[in-house]
Amino acid sequence: MTNIICITCPKGCHLSVDEENGYAVTGNACPRGAEYGKNELLHPVRVITSTVRIEGARLPRLPVKTDRPLPKEKMFDCMALINSITVQAPVSVGQVLAANILGTDVNIVAAKTM
């Protein structure tokens with residue numbers, strides 16, 4: 001039995017996941033919590049948010065994020081890639097700055113127009 005806190009919504013339900021019984025989840029207040037609990041043990045993923053350098057803009061850093069969740073084990077490699085990116089203004093929100101990162105079909109996109 002593994003105990004985790006659901007981060008799907010602000011409620012923060014305390015989940016218990018029983019690995020020996022098909023990853024049955026208890027303690028969830030909604031179906032999303034049950035899905036989160038099972039996925040968190042089988043294949044955890046996260047959306048990464050950060051900033052990259054930008055030249056030719058009023059501010060020196062541009063907020064960015066992944067356009068879909070990335071496998072948790074690739075987070076540090078993703079951050080190394082993000083830290084190596086420098087973009088030139090103008091940039092539009094949603095613009096792809098790095099495509100198919102780490103062979104995952106996940107993109108780094110701008111989170112702000114600058």
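Thr-104 lies in the loop between strands β9 (96-101) and β10 (106-110). Helices (H or I, at least four residues) and strands (E, at least two) are DSSP runs, numbered from the N terminus. This is a predicted model: local features need pLDDT of at least 70, side-chain atom pairs count only at pLDDT 80 or more, and totals for chains, interfaces and linings use all residues. Residues are numbered from 1 along each chain as its sequence is written, and side-chain values use heavy atoms, with hydrogens and water left out.

- Thr-104 touches Leu-70, Pro-71 and Lys-74, not counting residues up to four places away in sequence. Contact means heavy atoms within 4.5 Å.
- Thr-104 and Thr-51 are 53 residues apart in sequence, and their C-alpha atoms are 20 Å apart in space.
- Leu-102 is also placed in the loop between β9 and β10. Its phi is positive, near 55°, in a residue other than glycine.
- Leu-102 is partly exposed, at a relative accessible area of 36%. Buried means under 20% relative accessible area, exposed over 50%, and partly exposed in between (1.4 Å probe, protein chains only).

**Helix α1**

- Helix α1 covers residues 31-42, which is 12 residues. At 1.5 Å a residue it should span 16 Å, and its end C-alpha atoms are 17 Å apart, which agrees. The expected span is 1.5 Å times one less than the number of residues.
- The buried residues of α1 are Gly-33, Tyr-36, Gly-37 and Glu-40. They cover an arc of only 100° around the axis, so they sit on the same side of α1. The arc is that of the directions from the helix axis to the C-beta atoms.
- Pro-31 and Glu-35 are exposed, on the face of α1 turned away from its buried side.
- What covers the buried residues of α1 includes β1 (2-5), β2 (14-18), β3 (24-26) and β4 (45-46).

**Leu-41 and Tyr-23**

- Leu-41 lies in helix α1. Leu-41 is partly exposed, with a relative accessible area of 30%.
- Leaving aside neighbours within four places in sequence, Leu-41 is in contact with Thr-2, Val-17, Glu-19 and Tyr-23.
- Leu-41 and Glu-19 are 22 residues apart along the chain, with 8.4 Å between their C-alpha atoms.
- Tyr-23 lies in the loop between β2 and β3. It has a positive phi of about 55° although it is not a glycine.
- At 27% relative accessibility, Tyr-23 counts as partly exposed.

**Cysteines**

- A disulfide is a covalent bond between the sulfur atoms of two cysteines. Here it is counted as a pair of cysteine sulfur atoms within 2.5 Å.
- A search of the whole structure finds 0 disulfides. Cys-30 is in none, and the nearest cysteine sulfur, that of Cys-9, is 5.2 Å away.
- Cys-30 is partly exposed at 25% relative accessible area, whereas Cys-78 is buried at 0%.

**A cis peptide bond**

- Ala-89 and Pro-90 are joined by a cis peptide bond, with omega about 5°.
- Pro-90 is found in the loop between β8 (86-88) and β9.
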